[in-house]
Structure formats: C-alpha cells, structure tokens
Amino acid sequence: MALSRRQFLINAGAAGAAAGIGLHMPAALAQEDVLTIALAARAPTGVNPQQTGLTGGDNWAIYQVFNTLARNPDGKFATRPEEFEPSLAESWESSEDAKTWTYTLRQGVQFHKGYGEMTSEDVLFTFGRHLDPEIVTGGKVTFNNIASVEAPDAYTVVFTLKRPDPLFNGSAISTLPASILSKKAFEEKGENFNRDPIGTGSYQVESVNETTGITLVAFPEHFGEQPATPKLIVSFIADTTARTLAFASGQVDMIEGVRSPGWIPSMQQRSAETVFDATVPGSFNLLHINLTRKPLDDIRVRQAIRYAIDNEALAAAYGPLAKPMVGIISSEFQGSVTKDELPPELQYNYDLEKAKALLAEAGFPNGVEIPCYTSQREDYSAIMLMIQEQLRAAGISLALDIIDHTAFHAENRVDKNGMPLNSSSYGPVPLNVFLQQVSSGAEVKSDGTGQGNFSHYGVAMPGIDDLLNQAQDEPDFEKRTTLVKEIEKKLLTDLPIMGIITLSYVIARNPRIDLGFPVEGGYAYWPLNKAKRTS
C-alpha cells in the first residue's frame, strides 16, 4: 500500500517525539565490555562479503570481521595512491604502466576459530570466485579489470590488469567484496558460511540471530591491536521510532540516523550532547529508469521526469547533509560535471511547463501513471515521497508502494521495479559508479544473477560502454577525467539514470562513546575496534 506524504510526515513527527524523552544513557544499562549499534533493517541477511542483497547492517558486521589487502585510513577515503594503508598486505608495488600490482602478504595472520594462517592460497580463492563467470558474487563488476591473479609463493600475490589503474587499491582491493575469505572454511561450510563466517578481523562472529542481530567478540589472535571493547552487538531495528527509543533509553550506544528532514534538529533540541558522525559526500541517491517498461522507454517521458524533479529543493530539505547532483558523480570527486559547463539542453533546470509539454508530445496530454516501489528505510522513502509530490505537479502520477528494506533489494535484484532509487556510497573512483550502475555488464537479470544496472542501459539501448572502455584504457589521470565528463554528458542525454542528491550517512552516537578517530568521509560503515566507553 502506498504511503502518503501526510503519513510520512506523521511518522517523522513520531520520530521527533521519541527523541523528546531525553537521550541520556542510564548508568544501569551501560556495560563497559559491550558496545551496541542499531541499524535500519529488519534482520541480518548474512556476514559474507561476497553475498548479494546485503543490507547496511550486514556491511557493518562484515567490516569488523574481515580484512582486505589494503585499506582506507580510519574515517576517510584515500584519494591518492600513497594514502592507502597496509592491512593483510604489508606492502605493494605497481609497474610503471599500472597494470601489474604485486602484494607482499603479512606473515602469521590467523583466521578465526582455528582455521589456520592466511596465505596467498586464500587470496587466490577469494578473487577467483569474483573472476569466475559461473559464480554470483556481490560487486562482481568491480573486478572485471583483473586479467589474472597469481601466487609465486605463500606470501606474494600478483594481479595482472587488462587496463591501467593507478588507483587499483581504491577501485578494487580495499572494497568490501574484496575481503579475504578462508578457503578451507568456505569450502567446508558452504551456504552456512553466510551465518558462520571466518575472517581475519579484530572481531569474530559469535552468533547471528533474526531477533538479537549479530554478536561479535574480540579475536584474541588478531594480527593488530586487540579491540578496545571485547564485545560488539550489531542489532537491526527498522522502525524509526523504536530505534530512536532504543538509543534514548540506553539500550544501544549508536544508531543509524534518520536521513529525513527535521530529524537531526529534533534530536539536537532534546539533547545537545548527542554526537552525529556524518560522511561526506555520503550516499549517491540515483534514480534508475527501467528502459524496458513503457512509457519509460520514451526519451520524452524521461526528460519530463527530469524537468519535474527539483533536486535543489530536495537537497534543501536536508540542510547541510545533502547536495543536489547534476550527473551521477558527486561534486567532491574528479570527473563530476557542473551545470555551467553543460549545454542548456542538458542542464535540466526545474521547469514544470516544459515537463507537461514533453508529456503531451509523447502522447500523454492528461498525464501518466508510473508504478514503482521503494524501501521503507527513511532516506529512501523520504526522497521518493518528495519526488512523488513534485512529479504529481507535472501530471506524472507515481504509484508508489513502500516495502520492507530487505524485500526492496530482493525485488530489485530480480528486475521487478520500474523506477528504483539506489542509495550507495562510493570511493573517489568515478569509473566504479559507471561500472556498477550503467555498464551493460551490470545489467539486472530476472533470475537474480545480474548486478546493479536496473535501467538495462547499454542493452535496451546503446549505452556508455565504448566511452567507459576508453576511460579504462587511459593511463593519464587528466585525460581519464575528461572521458568521465563525456560519460556524464551521455547519461544526461539518454537519461537512463538521474542523479538526485548526495546525502551524508549519519550515525547518532552517545557522547560517552569514543570512536578513536573523527569521521570525515568514507563508506557507510567504519571500524569499531578502537571504540570504547569513556564514562
């Protein structure tokens, strides 16, 4: 059943009211040896970094349980090659053409629960699954540039790339799906690995439960420092009011913030002490247009939708947490386009009359109805409800259903949505956005074996694959950036996808919890091994 704008505002008000009961943690509930974070999802899907359909809560747990060969600094993205830090690899080097990358593994790294030392065999197994076309893995298109992975010995791994990549650590190696699996454990456990995973992280999984969430405990043989807090509970509370109440009552130390207008001010009014950790740019909120559905296959209808969406007004509703997007690359990243550098026909300044005229030209003088659905999670539902209101003014009726967040991702994965909003965090590697969202190789499939190109761009109509190939073949950073801008212009011409806003990912944190570092940017999850209660 569709949720109306009025109903949404009532729910948002309830969240503010929940915040009003006070946000001070009762001493009786504070446990020195346990930290709890509550995320906006109903239940865990799994703790396997290669699993598809994972929720944000799953990713938080995965990030604590697994390690990658190289990593971003705590609380921010590495934007240059020299800024990446060692993790499972103690060092690396690349060839002059940036097509051969050699990693020297840290020796003596142990897997959880007695599964032995991590070696190059485990690295080969991990990436071999991504490179095997017969195996469905999350983030698969991210690794398409890898031609081969070899291991000269137990502690050396050599990646040979098809195309140069000076930021290979950012585009592939430090991403969550590149987390190193235990070959022995995976082959032994099969599907059970999703609920009983074996990694090398500072925390290991104690239990995965539909009700209590994911319980992690410190791994005593971790190669780095022991976690500052012995136990970590990743809980799942989809309901906004319930999650806010859990935080206010001290049942949880941190909660995923409500990225809907007015939530942070309402929290601040009730407790100025609450700390808000926010990433910049945060999530890219991109609206896919399914080109296999009528009337969305008509460019005039897509242009009408673009003209009818005022994303500057959408961003303003979120205050400093949001920025309007022009293309699908965040303005903070190289290759993004500004309106000033675009021809007038690609600027799509808000124009209701233009939108109505385009609809009439397409054969819909009395308007058109478009069915779609979105997630009940606050950031998804708030954006889509505001878009629904804006489109209605142009004669476009968005028949919007709001469904469970996990179900939303599952339905999208089998191509059931006409206009899915996708919210994803990306590192400063623009080609990754194109690879995962609009390349033909990432086309969604009705049997669930596809990836995140929900518009069928590059298959239902010619896409950006040729330009993307040119960019991937270009070793010069400035020339590559120019090609990225050309891809953005092509997407604005064809409109298979629309950049709406970037929205900072927010965690509300009890001031008694010290993370051990400031959160400036990065993905929508960060390490909690340094987090501790200070009082």
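Me: Which residues touch the most other members of the largest nonpolar core?
Reply: In this predicted model, they are L69, F127, F159 and F434, and the core itself has 88 residues.

Me: What does L69 touch, leaving out residues up to four places away in sequence?
Reply: The contacts of L69 are P86, S87, L88, A89, Y103, L105, V123, F127, F159, I173 and I180. Another core lies apart from the largest one; its 60 residues include L321, A382, M419 and L503. In general, nonpolar side chains of soluble globular proteins tend to be buried together.

Me: Let us turn to the sheet. What is the strand order in the open sheet of 4 strands?
Reply: The order is β14-β18-β13-β17, and the pairing is antiparallel. β14 and β17 (421-425) are the edge strands, each pairing on one side only. On average, neighbouring strands are turned by 25 degrees against each other, with direction ignored.

Me: How many bridges join β14 to β18?
Reply: There are 3 bridges between β14 and the antiparallel strand β18, residues 497-503. In one of the bridges to β18, A322 has L503 as its partner.

Me: And which strands does helix α11 touch where it packs on the sheet?
Reply: Helix α11 (residues 378-392) touches β13, β17 and β18, and its direction makes about 135 degrees with that of β17. Helix α13 also packs on the sheet, touching β13, β17 and β18. The direction of α13 makes about 35 degrees with that of β13.

Me: A change of topic: the backbone. What is the peptide bond from V280 to P281, cis or trans?
Reply: That bond is cis, with omega near 5 degrees. P281 is in the loop between β12 (275-278) and β13 (283-288). A cis peptide bond also joins K294 and P295, with omega about 5 degrees. P295 is in the loop between β13 and α8 (299-308).

Me: Where does Y348 lie, and what is its phi?
Reply: Y348 is in the loop between β14 (322-324) and α10 (352-361). Its phi is near 50 degrees, a positive value in a residue other than glycine. Most residues other than glycine have a negative phi, and most peptide bonds are trans.

Me: Why does Y348 count as buried?
Reply: Y348 counts as buried because its relative accessibility is 5%, and the cut-off for buried is under 20%.

Me: What about H456: buried or exposed?
Reply: H456 counts as buried, at 5% relative accessibility. Phi of H456 is positive, near 65 degrees, and the residue is in the loop between α13 (430-437) and α14 (465-473).

How values were computed. Residues are numbered from 1 along each chain as its sequence is written. This is a predicted model: local features need pLDDT of at least 70, side-chain atom pairs count only at pLDDT 80 or more; totals for chains, interfaces and linings use all residues. Side-chain values use heavy atoms; hydrogens and water are left out. A nonpolar core is a set of buried Ala, Val, Leu, Ile, Met, Phe, Trp, Tyr and Cys residues joined through side-chain atoms within 4.5 Å. Buried means under 20% relative accessible area, exposed over 50%, partly exposed in between (1.4 Å probe, protein chains only). Contact means heavy atoms within 4.5 Å. Helices (H or I, at least four residues) and strands (E, at least two) are DSSP runs, numbered from the N terminus. Two strands pair if DSSP finds at least two bridges between them. Axes are lines fitted to C-alpha atoms, for helices over the stretch in contact, and angles run from 0 to 180 degrees between N-to-C directions.
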